[in-house]
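Trainee: Could we go through this model together, one question at a time?

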Amino acid sequence: MIEAIPSHAVVREMFDNSSLTWGLMACGVAQLSKLFLELLLHRRWRPAVLIETGGMPSSHSALVTGTAACVGWTLGFDHPLFALAAMVAFVVMYDASGIRRAAGLTAERVNGLPDSLWPEPHAKPLKESLGHSRLQVLVGSLMGPAIALPGLVYLGSPLHLVARLGAGLG
């Protein structure tokens, strides 16, 4: 029988999971960079890009490659969990640049059809920005390890970081 872990231990373990933390951090930085790219390239401040899918760079790619890199660094690149993390990363990136992108292109074509083709007009158009180009996936996949590995090596988990900050201040 598997023993239940007290809930406070689960929360502590999650905050002590460096691979999770730095994978999510890579995802967040990639998503945040979309805001600045929007400002730089299109000269507009549009915070909505922070919650949109698609665009440069792929934050999903940054998430899965950053997490996989941390798992490999922590457990070894010959560990079966690294193999699993890498395979999940490949599936996510293939999906983002293939299937989700195709769905977005299909939505774009459907939205371009005349309203007279439909028995009832649609309340709003289908979402077109679903996937990523291969370049967007590539940039996101490079950002992931570039953000996650230095964070893992130099800062560690959030609990270790808080403990070091507390020791430095106290």
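Trainee: Which helix gives the most to the lining of the largest pocket?

Mentor: This is a predicted model in which local features need pLDDT of at least 70 and side-chain atom pairs count only at pLDDT 80 or more, while totals for chains, interfaces and linings use all residues. Residues are numbered from 1 along each chain as its sequence is written, and side-chain values use heavy atoms, without hydrogens and water. A helix here is a DSSP run of H or I with at least four residues. With five residues in the lining of the largest pocket, the top contributor, spanning residues 18-42, is helix H2.

Trainee: Which helix supplies the largest share of the lining of the second largest pocket?

Mentor: Asn17, Ser19, Leu63, Val64, Thr67, Ala68, Val71, Ala85 and Val88 line the second largest pocket. H3 and H4 each supply at least two residues of that lining, but the largest share, five residues, comes from H3.

Trainee: How are H3 and H4 oriented to each other, roughly parallel or roughly antiparallel?

Mentor: The axes of helix H3 (residues 59-75) and helix H4 (residues 80-97) come within 9 Å and cross at roughly 170°. Because angles over 145 degrees count as such, H3 and H4 are roughly antiparallel.

Trainee: Which residues of H4 does H3 meet?

Mentor: Contact means heavy atoms within 4.5 Å. On the H3 side, the residues involved are His60, Ser61, Val64, Thr65, Ala68, Val71, Gly72 and Leu75. Their partners in H4 are Leu81, Phe82, Ala85, Ala86, Ala89, Val92 and Met93.

Methods:
Axes are lines fitted to C-alpha atoms, for helices over the stretch in contact, and angles run from 0 to 180 degrees between N-to-C directions. Angles under 35 degrees count as roughly parallel, over 145 as roughly antiparallel, 65 to 115 as roughly perpendicular and the rest as oblique. On a 1 Å grid over the protein atoms alone, a cavity is a set of points where a 1.4 Å probe fits but cannot get out, and a pocket is an open set with protein on both sides within 12 Å along at least five of seven lines; lining residues have an atom within 4 Å of a point.
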